[in-house]
Every structure is written in structure tokens, then in C-alpha cells.
Protein chains: 2
Amino acid sequence: MSWVDGQPLGGVSVHDRALAYGDGLFETMRVIAGRPRLFERHLARLQAGCERLGIVIEPHAVSQEILAFSRELDDGVAKLIITRGEGLRGYAPAPAAVARRILLGSPVPLYPSEHRAGVTLFPCRTRLAEQPALAGLKHLNRLEQVLARSEWSDASYAEGLMQDMSGRVIEGVFSNVFLAKSGRLITPSLERCGVAGVMRAELIERAGQAGIPVAAEDVWLEQLLSADEVFLCNSLYGIWPVTELGAHRWPHGPLTRKLQALISDLSSSA
Amino acid sequence: MSWVDGQPLGGVSVHDRALAYGDGLFETMRVIAGRPRLFERHLARLQAGCERLGIVIEPHAVSQEILAFSRELDDGVAKLIITRGEGLRGYAPAPAAVARRILLGSPVPLYPSEHRAGVTLFPCRTRLAEQPALAGLKHLNRLEQVLARSEWSDASYAEGLMQDMSGRVIEGVFSNVFLAKSGRLITPSLERCGVAGVMRAELIERAGQAGIPVAAEDVWLEQLLSADEVFLCNSLYGIWPVTELGAHRWPHGPLTRKLQALISDLSSSA
């Protein structure tokens, strides 16, 4: 199932700037009973991203289109791609360029249910470049993730851990990461690189409401290894505890279990 | 004029990985009398890029297709986009993914002829992130260039100067840069970021053959400012001397003129 600018179409112009330059943003939403989960957060991130990249959209129309698509999809994953539109050649956008919407529907990925009790991380060699102008955005320039994901094919690794060029722990290839230390939650700062996930934002808010201290700050590998607990999150699968990275082991601990319970309303159908 | 996988088509599947992740490479070739200029260099760079990204192409078939397209285009610019092919969701390529070729024809950009005697550079604030895994490649992740190019609209700036995060001078937004100092040519090293241009490679070779010492090394802004001459190059326009950047002035000097003469066979129809 795919729509281009609201029409059921399977193709897009060869002059689209997303094809030429990765000039756009995306959102991947879990649709349950015809409605995208965490929809307000997805919309807010999309709007903030468009503002940072100077892509003009009509938020209300985009929102209505996602909702109509989700009703038709009913259950699955809705991926929205916003592109800066068409341009012939050259990096400067055509003055008349109009942002394009692409909506793609797909089934929910079949992750093993044991992942909710613990996963093994692959230590990616591919590092994330530090680029504050793009940090946090879910933009379409994803070659680093493509290279990192190609480093392993052994299905016993559920995800890969990515560090920045300086060695800071940043995120998974398609997840954010949290660590628990002495009853406190820490998630890596995404000021220099990384994608600010919608589930990460939701967890920060819910943990705060539950009285769990939570902070976004620089995290180095030694801190990760000395954490009491480590877990991953994204908007499709919810939370996966990390129980193994190389020779290191972490438990599926109490704080991770508490967070999993705190979002049980979200992950029940994941 | 556009071809997709050898067929005259104006659209591409919404599932193409170039659209989703910028997962591919491109080449922009000046076509004169039905033949791409510096064709062997373009092909060699494309092949090297595909090897680094793990994209499998059939070089002979791709080469024949570009030649056929160029014959039909006759005069203009042929842009080739190679994508990793289709994939539904997720960064791991589908095992059956087949690389896709997109060929786009367009007229030669109308640059003012005075640019050959000197241009003014805009000092871009957008910095290039340092990513050795992608450095040198003409890949499709070009948001940095899009942001940099959006910094100026005043046509008195012909190009913008880009530095890396550490402040090294790297390149123009759509050009490579050379400086001349005491009879020696220096072009920035592209080990950390930047695009290794085809005209840059041609100039390095021709300068060497003409007995002009030439080196690729780290270049800092002070070195650029204290250079005797500065020029830009790319495979469409050949060479533009840089005569102005902020308060700084350089002459359209003898070494730049010599290089322009050395490639007069290439730039005559530019």
C-alpha cells in the first residue's frame, strides 16, 4: 500500500530531491486499529525537522492524510517520507518546489518475543559523524546506518551499537539507548549526531512523571559497561533490555522492567 | 530526457533505497557531440564508490548504457544515479536487491563567461562532518550541500567555501578547490570528508605531467588566505579562479592561467 501526495501510486518522479540528495525527512509509525500510536509526537518531530531543514509543509493537511492512510492500513507500520519536492539539477531548491508526501504501509516486523527479556548488541565499527546541523533529525541521509547494519548478518544480534567519532555511545542502528545507574536513567545527548526517537521522548516524559530521575548527557563506553542496566527503545517494538555486548553482561533489571510496565499500554500489540 | 534501467521512464518505485536512505551514488557528466567528457574517470570513480558501499553493478553494461544515453542527448549534462535497488523497510538490503540505474539529461548550466576570469566565494557556515567511511565518495547523502547552498541567494557569489568541523578548508559546494603557493599546487586532502572530483583528478595528473608540483594535504583557512592564487574546478565548468572571499583578494594569476590552458581541450565547449 503506497500513496504519493494523497494518491494511491507506486512511483515518484526521477527528479525528486529525496532521490538526488536524500533531501527530506521520515517518520515510521505503528498503526493499531487504524490509528498511529504516539501520533502527536511523530507530528511534532516532523514539523520541527521541516523547520530546521526549511521544508514547508501544511501540518494539518499532512496530519489528515496520515490519519486517512492509517484508517485504510488498519494494522501495521505506516512510513511517511516528506521530500523537498522536485528539482532539475543543482543543490539550490527550485523556487516553486513543493514538498511531497509519500506514505508506505507494511506489516509489523516479526521480532522474536524473547527480545523483550534481553537482546545481544553487535558492536558496530561504523562511527557516526558529528554534525550538529542535522543531529536529532530523522532525515533521509542514512548511509551510516546502511553501512553499520551491513556489518552483521548473524540473527543472534538484535541490534548494533553505534558510537560517534570521538567514542561516545549514541544509539542503536534503529533504536535509542538508555542506561540505568544507581536508580537514575541516562540517555545519550543527541546534540552532535543521532536520531531523537519518539519513544525516547515518551520514555523521558513517563519516567519523569513516575519520579525516576532521567537525563540526556554524554555517555562514554566505560559508563555503558559499568551501568546497572541497559535498554533500547523505538516506536515499533517498545523496549528491549540489553543483556549482552561482547564479553559484557547486564541483567534484565528492575528499572527496565518498571519502564516496560510504564509503557505496557503502548507495547501490548507490538 | 530520463531513463530508468535503460527504459525511457520518468518515475521510480517508492520503495527505492535512494529515496529512503540516499543509498547510492551519482556522476554528473558533460556530454559533447554525443560523448561524455572524462568518461573513463567517471566510470572509475563510480566503480570504486560501488565497491566501497558494497553495491554490485555490471560495469560494462552500465558503461554501454551511459554511452547510448549520451548519443541520444548529444549535448548537455548526463547525470547517472546508481541506487542499491528496492527494499521494503529496514536498513539491511533485501538479499535480492538489484542496483538500479537512473539517467537524467539536462542542458548545460548557463554560467557567466566572466567566471573564467574570477569569482567571489561565499563563506558557508555549514561545516562538513568528518566521516572517513564516506569521504571522497559522490554519494547521495547531500543534505550538508543543500544546507550550505541555501545560505546565499545573491548571484554575485558563484560558489560557497566549505570547511570541516575542525576548520580545515575542504571544497566548494559543487567544486573542488586548489591553491597555488610559491609555484606549487595544493588541493585539500579528502580523507575525512569531501567529494573527490573527476576534474580534480584530471588536474592533478595534467599538472604533474607539466612539471608543476602538486600535493593533496590538509589546508587551513590561513593557508588559503596566504596563497598566491586560488581556483575552483569541476567537470562541467572546468576552472574558475577565485578572486574574492570576504575582504580578501587574489589575482587571476599565472599558475591558474597555465592550468586553464592545460585543459583548454576540455573546457572549450563548456
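This is a predicted model: local features need pLDDT of at least 70, side-chain atom pairs count only at pLDDT 80 or more; totals for chains, interfaces and linings use all residues.
How much area is buried between chain B and chain A? The answer is about 4,300 Å², and carbon and sulfur atoms give 68% of that area.

**Stop 1: the interface of the two chains**

Please colour chain A and chain B separately and select the residues at which they touch. On chain B the selection holds 55 residues, which are in contact with 55 residues of chain A. Next, show the side chains of B:R89, B:Y91 and B:L143. These three residues supply 19% of the area that chain B buries against chain A, more than any other three residues.

When the side of chain B that touches chain A is coloured by class, 31 residues are nonpolar, 13 are polar and 11 are charged.

A search for salt bridges between chain B and chain A returns a count of 0. Polar contacts are found, however: 15 residue pairs between chain B and chain A, with both residues at pLDDT 80 or more, are counted.

**Stop 2: a strand pair across the chains**

Select residues 11-13 in chain A, which form strand β3, and then β3(B). The two strands run antiparallel and are joined by 3 bridges. Within this pair, centre the view on A:V12, which stands opposite B:V12 in β3(B).

**Stop 3: the two domains of chain A**

Domain 1 covers residues 2-106 and domain 2 covers residues 113-267. The C-alpha centres of the two domains of chain A lie 26 Å apart.

Now select the residues at which these domains meet. In chain A, 22 residues of domain 1 are in contact with 22 residues of domain 2. The two domains bury about 1,800 Å² between them, with 60% of it on carbon and sulfur atoms.

How many salt bridges are counted between domain 1 of chain A and domain 2 of chain A? The count is 2. One salt bridge to display is that of A:E202 with A:R41, where the closest N and O atoms are 2.6 Å apart.

On the side of domain 1 of chain A that touches domain 2, the elements giving two or more residues are α1 (17-21), β4 (24-32), α2 (39-53) and β6 (76-83) of chain A. Select β4(A), which gives the most to this side, with 7 residues. By class, the side of domain 1 that touches domain 2 in chain A has 10 nonpolar, 5 polar and 7 charged residues.

**Stop 4: the sheet of chain A**

Keep β4(A) selected and extend the view to its sheet. This is an open sheet of 6 strands in the order β2-β1-β7-β6-β4-β5 (chain A), with antiparallel pairing. In chain A, β2 (7-8) and β5 (35-36) stand at the edges with a single partner strand each, so one side of each is left without a neighbour in the sheet. Between β4(A) and β6(A), which run antiparallel, there are 8 bridges. In this pair, select A:R30, which stands opposite A:V77 in β6(A).

**Stop 5: the sheet of chain B**

Finally, show chain B again. Its 6 strands in the order β2-β1-β7-β6-β4-β5 form an open sheet with antiparallel pairing. The edge strands are β2 (7-8) and β5 (35-36) of chain B, each of which pairs on one side only. The antiparallel strands β4(B) and β6(B) are joined by 8 bridges. To end the tour, select B:F26, which stands opposite B:I81 in β6(B).

Conventions: Residues are numbered from 1 along each chain as its sequence is written. Chains are lettered from A and ligands numbered from 1 in the order in which they are written. Side-chain values use heavy atoms; hydrogens and water are left out. Contact means heavy atoms within 4.5 Å. Buried area is the accessible area (1.4 Å probe) that two parts lose on being put together, summed over both. A salt bridge is a side-chain nitrogen of Lys or Arg within 4 Å of a carboxyl oxygen of Asp or Glu. A polar contact is a pair of N or O atoms within 3.5 Å; within protein, one must be able to donate a hydrogen and the other to accept it, and residues adjacent in sequence count only if both atoms are side-chain atoms. Ala, Val, Leu, Ile, Met, Phe, Trp, Tyr, Cys and Pro count as nonpolar, Asp, Glu, Lys and Arg as charged, and the others, Gly among them, as polar. Two strands pair if DSSP finds at least two bridges between them. Helices (H or I, at least four residues) and strands (E, at least two) are DSSP runs, numbered from the N terminus. Domain bounds come from an automatic or database domain assignment.
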